[in-house]
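Q: I would like to learn how to read a protein model, feature by feature. Where do we begin?

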Amino acid sequence: LSSPSGLTHESHKKDVEQVYLRCSEGSIEWMYPTGALIVNLRPNTSPASYKRLTVCIKPFKDSAGANIYLEKTGELKLLVRDGDRSPSKVYCFGYDQGGLFIEATPQQDISRKITGFQYELMNKGIASDLHTVSAPCRPCSDTEVLLAVCTSDFVIRGSIQDVTNEAEEQESIIHVGVNKLYRQKSKVFQLTGESGNWRGQIKTLLECGVKPGDGDFLFTGRMHFGEARLGCAPRFKDFQRMYKEAKDKGLNPCEIGPD
């Protein structure tokens, strides 16, 4: 977390402050923004790998006081306009497309303004999975499911206990009861209550129309800004079939014990 403050140079409202971020994910809060802030992302990886990176930012819900631009060789492209209240919107761009230039907007009272966002750097292939432009609700093919099992941040067998629709954010929250936990990168799925049942929440797009139903599914997906995002989710019996067929042919990309 980086938290620069505009009050440190309030008397020089045209000042430009530089911030260097070394982590692959984190957040930045610019308190009382005045002047401009240049955010330099310098991950601890080889510069040769930079061209394969995608940067995604997610403004805080109450972020205000500045416009966020993508800057390259002096040219500015508006990324997030001050006052844009698009909830949960994520903005992504290639690392080689430029850096972030944050310019404070004129304010009568800067004391109430904080510009802030979360950021993540990821492999371009992963980013394209998270932000599928075409047919985001399309069922995965057998090959896509088997690959998702090997590469996802979480893989679980479970059932849909309930679905909460968030109309404002255009998202659905799937409340999942876990029958078997194959893998999870973060502790999204945890033991709850005296019964010792594993439970967790997975988010997906509202337009996909997920509804509670009977039967088990194989839920896969990725962690994105601290939340589990749904990837491929076939019915478990269908996954068992495709896994067995691939294993019999020696084509399954990894072992996972589907029972």
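A: Begin with burial. Buried means under 20% relative accessible area, exposed means over 50%, and partly exposed lies in between (1.4 Å probe, protein chains only). Here is the case in this structure: N67 is buried, with a relative accessible area of 12%. The model is predicted, so local features need pLDDT of at least 70 and side-chain atom pairs count only at pLDDT 80 or more, while totals for chains, interfaces and linings use all residues. Residues are numbered from 1 along each chain as its sequence is written, and side-chain values use heavy atoms, with hydrogens and water left out.

Q: How much of the protein chain is buried, and what is its secondary structure?

A: Helices (H or I, at least four residues) and strands (E, at least two) are DSSP runs, numbered from the N terminus. The protein chain has three helices and 15 strands. Of its 259 residues, 41% are buried.

Q: What surrounds N67?

A: Contact means heavy atoms within 4.5 Å. N67 sits in strand β5 (residues 66–72). Leaving out residues up to four places away in sequence, N67 touches L78, V80, R81, D82, F101, I102, E103 and T105. A polar contact is a pair of N or O atoms within 3.5 Å; within protein, one must be able to donate a hydrogen and the other to accept it, and residues adjacent in sequence count only if both atoms are side-chain atoms. In this case, a polar atom of the N67 side chain lies 2.7 Å from the backbone nitrogen of D82.

Q: Which residues of the largest nonpolar core touch the most other members?

A: A nonpolar core is a set of buried Ala, Val, Leu, Ile, Met, Phe, Trp, Tyr and Cys residues joined through side-chain atoms within 4.5 Å. The largest one has 25 residues, and V39, L41, I57, L100, I102 and F117 touch the most other members. Take I102: beyond four places in sequence, its contacts include W30, V39, N67 and F117.

Q: How do I read charge pairs?

A: Side chains of opposite charge can pair when their charged atoms come close. A salt bridge is a side-chain nitrogen of Lys or Arg within 4 Å of a carboxyl oxygen of Asp or Glu. The structure holds 13 salt bridges. One of them joins K58 and E227 at 3.8 Å, N to O. K58 lies in strand β4 (residues 53–59) and E227 in strand β15 (residues 227–230), 169 residues apart. K58 counts as buried at 13% relative accessibility, while E227 counts as partly exposed at 22%.

Q: Where do R241 and D142 lie?

A: R241 and D142 form a salt bridge, with the closest N and O atoms 3.5 Å apart. R241 is in helix α3 (residues 236–248) and D142 in helix α2 (residues 142–151), so the pair ties together parts 99 residues apart in sequence.

Q: What separates D248 and K244?

A: Their side chains meet in a salt bridge at 2.9 Å, N to O. D248 and K244 are four residues apart in helix α3, so about one helical turn separates them. D248 counts as exposed at 56% relative accessibility, and K244 counts as exposed at 51%. Elsewhere, salt bridges that share partners join K58, E171, K203, E227 and R229 into one network.
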